[in-house]
Amino acid sequence: MNTFLIITAFGELTVWISAFLIFFLHRGNSFAEAASYAIISTLMMLSFIFQVSFIAGSPAVSFFFEATLTIGSLTVIFTLRNHFKRIWEILKFVFVKQPLAILALFIAFGYLAFLACVTVPDTAHQELFIKMRMYEHYETFFLPNDYGENFALFPVNTTVLSHLFFRTGSQVGIGMFGFLAYLSIGFSTYALSRRYAWPATAFTVTFITLSLPRLVFLSTTPGQEILPAAVSLFCILAIYRALEHPEIQDLILLILGILFSISGNFLCLAFPIILIVLSCVLFVRRHGTLTWMSLVTRNWKISLAAVIPILVFSQIWLFAFNIVKYGGWLGPDDLASYMSTKDNVLLGAFANLVRYFFEIVHLTHPVDMVLNWVLGFSFNGLLMKTYNIFFAPLFGSSGAAVPFALTWLSNGRLSWFGPFGILFVIPSIVVAMFRGHRRLKAIAVALVGYVYIVALVVAWSPGNAQFFTLVFTCGGFCVSFLLPPWRFTTAGKRCLQVISILLLIYVCLFYVGKPFFKLSDLVRNIFFIHTP
């Protein structure tokens, strides 16, 4: 029965994504836009169903809605099946243009998808399993007062997705949500890059983004960190589409996406608020207020239908519950452990910015070994000595929860974003902020503003790379503005693609879970065989 349920879960995701894909293609989206929209729309739909079911106190009701939507998806697929021929032609064309790169990418995707399906999560995600099992036992998010631990604290928009596999009694498969978010980042990056570059350059920029070590590692996790970042990038894509051709579809998806991205850590509201302000400013300056009001009133039925998911994704119900029960919107959790010291706040923020700059210079352990062999010194050690000599006496412990230390370990949870992060993504955001067009400049300013908030509010600790996943995800497409055709030759594109492939292979082998495991353990994971 468990095996049947998990196979059904994979089938459900496949059918829903396929239906949304051909639906958005039918609506006039490009393939990359349609693919990104399809993945995120599927996850939002699934999250909405699960949240409503838990709020109503009857998780089993979700089976009915899932079955109904699956039948509807199959109907859409049959009705619009002619679009599959177009999809095949697009894939064939891309493969002919970039055969080796696409082949390498497919192999890497296949490997990551396999690990996402069968790798049991680490200790940090075991806690997620326990929480979801408690929710399922009590059939509600609102756990009884006599239960010792408090679980309904942070927003559950993305967390609840894991119920699709947890309800089978196993943790196998929950990494698929991280992988889907990873794919969505690739499609969104390409779609946005095409606004500023030719296809070959946009493809290279996508390759650069998908080879960032931390994103590769997160592609096999349940998605609590990478999903909000992928949804934020999806929102930026929706902003671009809405500005180019105001339609109710993009406006509603943008609103739902911004609210759906409220999930994860205690800064979960920071970037959604920034996106709301950014959208309002760009929309009003480009088309005026009346255009959007008219769009909503003309499509009042769709707008009215979106009210319920908007309320659910806003997490107002959860914040209200936490305030009533615990006296705080995030519950009884002690936020002081996350926050920077209040003494000399500006110095702490500046100190953290410097620390994060040193961490962003993440050339990876193999590069450090090569430099040590060729030049006779460790670049990582040189950076650490530089900080200790010039900055440690100045900053002391300002803004930090623990003493600053810099390491380049092959540890996915502590990893940053590799050499491309410092060589391309960060410079492209800075250049876009000063020389980009209005939309690109606004997005770059928003990302820089978010970084400042992180430096100001969050105390530095070794695991703070989690707060920057959103920055490198949403800023990846800015590289296409940094690499215009007259500066970026074909040889340069090929060179970057090869380096990206090598980096992707390295991360897959040494950062992502355990690539080599016993076949017997794999069989037990898939078929839920338990041995004493």
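**View 1. Helix H2 packs against helix H12 in this predicted model.** H2 (residues 31-55) and H12 (residues 248-260) sit with their axes 11 Å apart, at an angle of about 60°. That angle makes H2 oblique to H12, and their crossing is left-handed. From H2 come Tyr37, Ser41, Leu43, Met44 and Ser47, which meet Gln249, Asp250, Leu253, Leu256, Gly257 and Phe260 of H12. These contact residues divide into 6 nonpolar, 4 polar and 1 charged.

A few terms to keep at hand: helices are DSSP runs (H or I, at least four residues) numbered from the N terminus. Axes are lines fitted to C-alpha atoms over the stretch in contact, with angles from 0 to 180 degrees between N-to-C directions. Angles under 35 degrees count as roughly parallel, over 145 as roughly antiparallel, 65 to 115 as roughly perpendicular and the rest as oblique. A crossing is left-handed if the near helix is turned anticlockwise from the far one by less than a right angle. Contact means heavy atoms within 4.5 Å. Ala, Val, Leu, Ile, Met, Phe, Trp, Tyr, Cys and Pro count as nonpolar, Asp, Glu, Lys and Arg as charged, and the others, Gly among them, as polar.

**View 2. H12 also meets helix H11.** The axes of H11 (residues 226-244) and H12 come within 9 Å and cross at roughly 155°; the two helices are therefore roughly antiparallel. This crossing, too, is left-handed. On the H11 side the contact includes Val231, Phe234 and Cys235, while Leu253, Leu254 and Ile258 are among the H12 partners. By class, the contact of H11 with H12 has 10 nonpolar, 2 polar and 2 charged residues.

**View 3. Helix H13 crosses helix H14.** The axes of H13 (residues 270-287) and H14 (residues 289-298) come within 6 Å, at roughly 105°, which makes H13 roughly perpendicular to H14. Phe283, Val284 and His287 of H13 touch Thr289, Thr291 and Trp292 of H14.

**View 4. The largest pocket holds about 1500 Å³ of space.** Its lining has 46 residues, with Phe31, Leu91, Val94, Phe106 and Phe187 nearest the centre. H4 (83-97) gives the most to this lining, 10 residues. By class, the lining has 34 nonpolar, 7 polar and 5 charged residues. On a 1 Å grid over the protein atoms alone, a pocket is an open set of points where a 1.4 Å probe fits, with protein on both sides within 12 Å along at least five of seven lines; lining residues have an atom within 4 Å of a point. The volume is the space filled by probe spheres set on points joined across faces, edges and corners.

**Notes.** Residues are numbered from 1 along each chain as its sequence is written, and side-chain values use heavy atoms, without hydrogens or water. Local features of the predicted model need pLDDT of at least 70 and side-chain atom pairs pLDDT 80 or more, whereas totals for chains, interfaces and linings use all residues.
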